[in-house]
Amino acid sequence: MSATVIDGKAVARTVRERLAREVAELPEPPGLATVLVGDDPASAIYVSSKRKQCAQAGMRDLHQHLPGDISQAKLAVIIDHLNADPAVTGILLQLPLPEHLDAAELVARIDPDKDVDGLTTISAGRLAQGGPGLRPCTPSGVIELLDAYEIPIEGAHAVVVGRSELVGKPQAQLLLQRNATVTICHSRTRDVDAECRRADILVAAAGIPRLVGASAVKPGATVIDVGIHRTDSGLCGDVDFDAVREVAGAITPVPGGVGPMTIAMLLKNTVTAART
Ligand code: NAD
């Protein structure tokens, strides 16, 4: 039997509508400062979607477009100003930055209470200790999808393929916080397929097209595909969707699965930041 296909677009729409209602009830609209350095076309598209959805949810769009040759020192001063500006609720420094800039140092400068991407060391520490804080958007979106489809996390065996700071590690932490038993696979794992076969919830975030095939999936498992790749035959993920949907109980498509959730969670983080 074919798996339930998890509709990330629909869940993201519902989240955005809920957030727009919450924004309307705040004393002042939150302000999101997206910071785009240079003219990388892919980054420009991402930032423009973030700004559009921020405005649609009733938030203030406090975008900054900076020249690609800006110095580290000047960008640091701009971040300091955004940190100090009470109109700025959230700061999003669009990555990657031009090569002459030290992205890690600049991200570290962002006030953790305005870190709506959840990427600072303090945000990571708050997540690791289970304290309140802003969580990375893509892994939070995965949890939101599981909840929307009422997929039980507590007690489930969750396998995360990938251990990046952006996705894999925070994903594992978020699943652990929800009382899953978590295994993390990475490029040195001896037998990734064998680990994956034990998963009730399998999150693929290795950045390798169609890495997870049907033989790596336990019948009835929930398979969440974070990967996104442009191929000659269109977009695909880290999961071989057509084969795995015949084995899994539920599965996210690419596109239309995890992708739409990322910006929805950015908006959610901005509302959370406005409340703290
Ligand atoms: P990354 O390259 O930083 O990390 C990949 C991880 O996968 C590493 O930890 C590595 O150890 C592991 N890995 C590599 N090969 C492996 C293998 N053969 N078996 C098991 N593990 C292996 O990538 P990332 O930033 O975490 O992103 C992962 C994927 O998710 C990419 O395709 C990226 O484009 C996508 N992504 C999507 C969204 C979204 O909004 N949908 C957001 C972020 C990332």
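Colleague: How do you know that the span of helix α2 (residues 41–56) is close to the one expected at 1.5 Å a residue?

Modeller: In this predicted model, α2 has 16 residues and reaches 23 Å from its first C-alpha to its last, and this value is set against the 22 Å expected.

Colleague: What puts the buried residues of α2 on the same side?

Modeller: The buried residues are S43, V47, K50, Q53 and C54. They cover an arc of only 130° around the axis, and therefore they lie on the same side of α2. In general, an α-helix has 3.6 residues a turn, so residues three or four places apart point the same way.

Colleague: Which elements do the buried residues of α2 pack against, and which exposed residues does the opposite face carry?

Modeller: The buried residues pack against α1 (8–25), β2 (31–37), β3 (60–61), β5 (90–93) and α10 (259–275), whereas the face turned away from them carries the exposed residues P41, I45, K52 and Q56.

Colleague: Why is G162 called buried?

Modeller: Its relative accessibility is 8%, and because buried means under 20%, G162 counts as buried. G162 is found in the loop between β6 (157–161) and α7 (168–177).

Colleague: Which residues is G162 in contact with, leaving aside its neighbours within four places in sequence?

Modeller: G162 is in contact with G168, I184, C185 and A205. The C-alpha atoms of G162 and A205 are separated by 5.1 Å, although the two residues are 43 residues apart along the chain.

Key: Residues numbered from 1 in each chain as written. Predicted model: local features only at pLDDT ≥ 70, side-chain atom pairs only at ≥ 80, totals over all residues. Heavy atoms only, no water. Helix = DSSP H or I, 4+ residues; strand = E, 2+ residues; numbered from the N terminus. Buried < 20%, exposed > 50% of the residue type's maximum accessible area, 1.4 Å probe, protein only. Contact = heavy atoms within 4.5 Å. Expected span 1.5 Å × (residues − 1). Arc of directions from axis to C-beta.
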